[in-house]
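Please keep the sequence and the model in view while reading.

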Amino acid sequence: MSTDFSQPQRQSVIGVLVLFFYTLQQYAKALWPVMVVWLFKFDEVNKLYFFLGIFATFVIIGIVSFLQYLNFTFLLDNENEEFVISEGVFNKTITTIQLNKIQQVNINQSFLQKLVGVYELAVDTAGSNKKEGAIKAISHELALELKSRLLENEKRIKTSTLESDTEDADYGVVDEATESFDVIKISFLSLLKIGITSNYLKSISLLLIFVITVSDYFNKITGKDLIPDENFEDYVDQNIIIQTIIVIALFLLALVLMVNIVRVVFRYFDYKITRQKGSLLLSFGLLNTKNTIIKPEKVQITSVSRNYFQKKMNILELKIKQATSGSAEEQKSVIEIPGCNEQERDEILKLLFRKLPEKGVVMEPNFRKLGFSVFLTIGLPLFLVFLFRSYIELQGISLGLGVFVYIVFVGLIQFFIFRNNRLYVNDDFIIKQSGAWDIKNEIIEPGKIQAITTSQLFWHKTADIGSITLHTAGGNIAFQLGNYSKIKEYVNLWLYEIETSDSNWM
């Protein structure tokens, strides 16, 4: 039996426990300095007052949590087509969300929520840097039903198209011929492959942060450095320095791979992609389970990336950007689909775009793009090294060898970046290709462009080269030093498409 959401609904009763722990977590974050002082001076604190204070705090948090549960209601205003949330203990807040502005509805489950058997439903709209509405404790069945009701409002799309024979051209209708899959499951083996072949920088950053934090705490507690920098030769024999460095490098490599694999598996475990009425339902997570839905008309930028090893293993990564409120939120809004193969990629792209994106006319950057990059990454650093060479001391290798290795390494990176930097244009798609090791193809539709910026420096006029930036609600795509005359032709065409497009991406 369907639920009558037109009447105010409350969260699950067990949600009081979830609210209690969330409130306790907030108080703990605010009061942790006082708690640390109490722990270090526990012998000096009056034990009776201490435990009475803890008991009183728990009682207050329990009362606040119960009032939060009691005052939290949500309903669907069918007449005004709005989702209304009322909440607050002392200050009552009413949040009203128009159904046609809802971009995404996520059903998530943290470890705590998993223990008590409830879910969180979060509503997101374009143009805001936070979730507009969140229900912390709701049953899975009720969450699915509410999500379906929140996302079924397509009347604004159909009004003009139902009276014509052009329905198939609208995002509201997806050609069933392109929907040849029901469920795609990313296997555990694919996640292992992704963990081994990607995100090295993230793993190294996590390790550095961990080592620095541990070293800092060790120094504060013992007054000594974790790794002594004096008389290092006493710890390592000079004859086995190279062997020691190799062993340490291999150990660090293994540690990075292990951290990367654990992070990927925990985050994307049991990844499922389900087709639902022309949309994609994503479900993944080991401890914290996340469910999110992707509607094709909301997608702004879709990127497909892979490196050499991933190509050999027949895996790749898909990232989907929807509308965001600014650059600070762009990373958070990215939806990742790791470890799918080429066939699965094609199925997903066909559902998102109704057909497979194809690369059209290619635009290549001028060779000056490479020259300027080499000047910034090689020329300037070498000039600084030349100026301060008398102050530079390298242990074990000569300055000349270090400079040579740097020039070769950075030079190869810049060459591959230049070689892979391309802009492909056809009537339906714009594809920006970039990257040195991980080759990324960003796909957008001209109708999704919000604004276009072109620029040309005065010394580039003779060479007829310039730059362009395509602004979308999901981020920007920039291409530098291409044929400026050709760029202006495409800009005129895209501006016309923007003015005449009836795409409903908001």
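## Strands and helices of the model

In β10, Ile293 is the bridge partner of Leu281. The model is predicted, so local features need pLDDT of at least 70 and side-chain atom pairs count only at pLDDT 80 or more, while totals for chains, interfaces and linings use all residues. Residues are numbered from 1 along each chain as its sequence is written, and side-chain values use heavy atoms, with hydrogens and water left out. Helices (H or I, at least four residues) and strands (E, at least two) are DSSP runs, numbered from the N terminus.

Strands of a sheet pair through backbone hydrogen bonds, either parallel or antiparallel. Two strands count as paired if DSSP finds at least two bridges between them.

| Strand | Partner strand | Sense | Bridges |
|---|---|---|---|
| β9 (residues 279–284) | β10 (residues 289–294) | antiparallel | five |
| β11 (residues 299–306) | β12 | antiparallel | six |
| β12 | β13 (residues 334–340) | antiparallel | six |

β9 and β10 belong to an open sheet of seven strands, in the order β6-β5-β4-β10-β9-β8-β7, with antiparallel pairing. At the edges stand β6 (133–138) and β7 (183–186); each has a single partner strand, so one side of each is left without a neighbour in the sheet. From one strand to the next, the twist averages 15°. Helix α4 (residues 140–151) lies across β4 (102–109), β5 (119–125), β6, β9 and β10, and runs at about 170° to β4. Such angles run from 0 to 180 degrees between N-to-C directions, and axes are lines fitted to C-alpha atoms, for helices over the stretch in contact; contact means heavy atoms within 4.5 Å.

Strand β12 (residues 316–322) is mostly covered, with five of its seven residues buried (under 20% relative accessible area, 1.4 Å probe, protein chains only). Within β12, Leu318 is the bridge partner of Val304, and Leu316 has its bridge partner, Cys340, in β13.

Two packed helices are described by the angle between their axes and the distance between the axes. For helix α12 (residues 367–387) and helix α13 (residues 399–420), the axes come within 10 Å and cross at roughly 160°. The two helices are therefore roughly antiparallel to each other, a term for angles over 145 degrees. Residues of α12 that meet α13 include Phe367, Leu370 and Val385, and those on the α13 side include Leu399, Tyr406 and Phe418.

Conventions. Angles under 35 degrees count as roughly parallel, over 145 as roughly antiparallel, 65 to 115 as roughly perpendicular and the rest as oblique. Buried means under 20% relative accessible area, exposed over 50%, partly exposed in between (1.4 Å probe, protein chains only).
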